[in-house]
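Please open the model in your viewer and keep the selection tool at hand. The tour begins at a pocket and then moves along pairs of packed helices.

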Amino acid sequence: HHVKWSVSQLAVSITLGAGTVAIMVIKKWFTEIGGVVWYILAMFPVCGIIQIGGHAFADRYSYVPAIGLFVAVAVAMQRIPFGPSRRQLFVVAGLTSCLAISSAFVASGQISVWRNSEALYRDALKKNPDNEIALNNLAWDLATAKQTSGPLQLKEAVDLAERACKVTNFEHIGMAHTLVTCYLKAGNVDKAKEISRRMVEVVKGDPRTDPMAAYFSSVAELQ
């Protein structure tokens with residue numbers, strides 16, 4: 001009992017000591033720690049540990065979390081004891097300029113990616129050729145573009161839609177709908193009817209898919 005009590009005392013002492021130090025640190029660096037905690041809590045739901053939607057990651061996920069980091073850095077910078085030394089000012093100005101220039105280069109690259117949805121989906125496919133969402137969405141955009149879709153554009157749309165359906169084993173109704181639409185746009189009615197008949201069996205009996213079932217049934221009955 002004496003040994004157990006000593007270990008317990010040691011554990012309590014360590015806990016109290018660590019708690020006291022933590023309180024002192026938090027009190028002194030409250031804003032900085034708060035900013036980092038903000039970043040962690042805001043980033044946690046979209047960091048990939050917990051799946052939200054069909055996207056693994058996205059640029060917009062960092063917008064709100066970054067606020068905490070900016071606040072923490074801004075407040076921490078105020079603690080640096082800048083004196084009247086020009087050397088210190090030059091160093092800070094140089095570092096700030098380098099950061100601004102590098103950020104400008106990165107932003108310019110992202111602007112070219114975000115100029116339209118087609119550029120965005122193509123960039124996503126460069127990074128992950130089997131991204132079914134990018135495959136499906138790009139196929140839909142190419143097949144239903146406001147400007148007249150040429151034969152090459154329609155062929156690419158069909159290829160992309162087929163790849164999206166193969167990745168999902170033809171189990172995603174929305175992607176099958178895209179594939180059927182691409183076939184119809186490309187004039188391949190037989191393939192559109194074949195996929196539609198297949199999907200009619202998949203959605204049969206599910207009231208949630210009634211609109212899709214009606215669409216596939218109408219295509220399957222085309223003459």
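**The second largest pocket**

Begin by selecting helix H3 (63–78) and helix H4 (86–113), each of which supplies at least two residues of the lining of the second largest pocket; helices here are DSSP runs of H or I with at least four residues, numbered from the N terminus. This is a predicted model, in which local features need pLDDT of at least 70 and side-chain atom pairs count only at pLDDT 80 or more, while totals for chains, interfaces and linings use all residues. Residues are numbered from 1 along each chain as its sequence is written, and side-chain values use heavy atoms, with hydrogens and water left out.

On a 1 Å grid over the protein atoms alone, a pocket is an open set of points where a 1.4 Å probe fits, with protein on both sides within 12 Å along at least five of seven lines, and lining residues have an atom within 4 Å of a point. H4 gives the most to this lining, with five residues. The pocket has a volume of about 210 Å³, a volume being the space filled by probe spheres set on the grid points, which are joined across faces, edges and corners. Coloured by class, the lining divides into five nonpolar, three polar and no charged residues (Ala, Val, Leu, Ile, Met, Phe, Trp, Tyr, Cys and Pro count as nonpolar, Asp, Glu, Lys and Arg as charged, and the others, Gly among them, as polar).

**H7 against H8**

Now select helix H7 (residues 151–167) together with H8, which pack at an angle of about 155° with their axes 9 Å apart; axes are lines fitted to C-alpha atoms over the stretch in contact, and angles run from 0 to 180 degrees between N-to-C directions. That angle makes H7 roughly antiparallel to H8, a term for angles over 145 degrees. Among the residues that meet here are Leu154 and Val158 in H7 and Leu179 and Cys182 in H8, contact meaning heavy atoms within 4.5 Å. By class, this contact has 11 nonpolar, one polar and two charged residues.

**H8 against H9**

The contact includes Ile173 and Tyr183 of H8 and Ile195 and Met199 of H9, and its residues divide into 10 nonpolar, one polar and one charged.

**H5 against H6**

Finally, select helix H5 (residues 117–127) and helix H6 (residues 132–143), whose axes come within 9 Å and cross at roughly 145°.

Methods
Angles under 35 degrees count as roughly parallel, over 145 as roughly antiparallel, 65 to 115 as roughly perpendicular and the rest as oblique.
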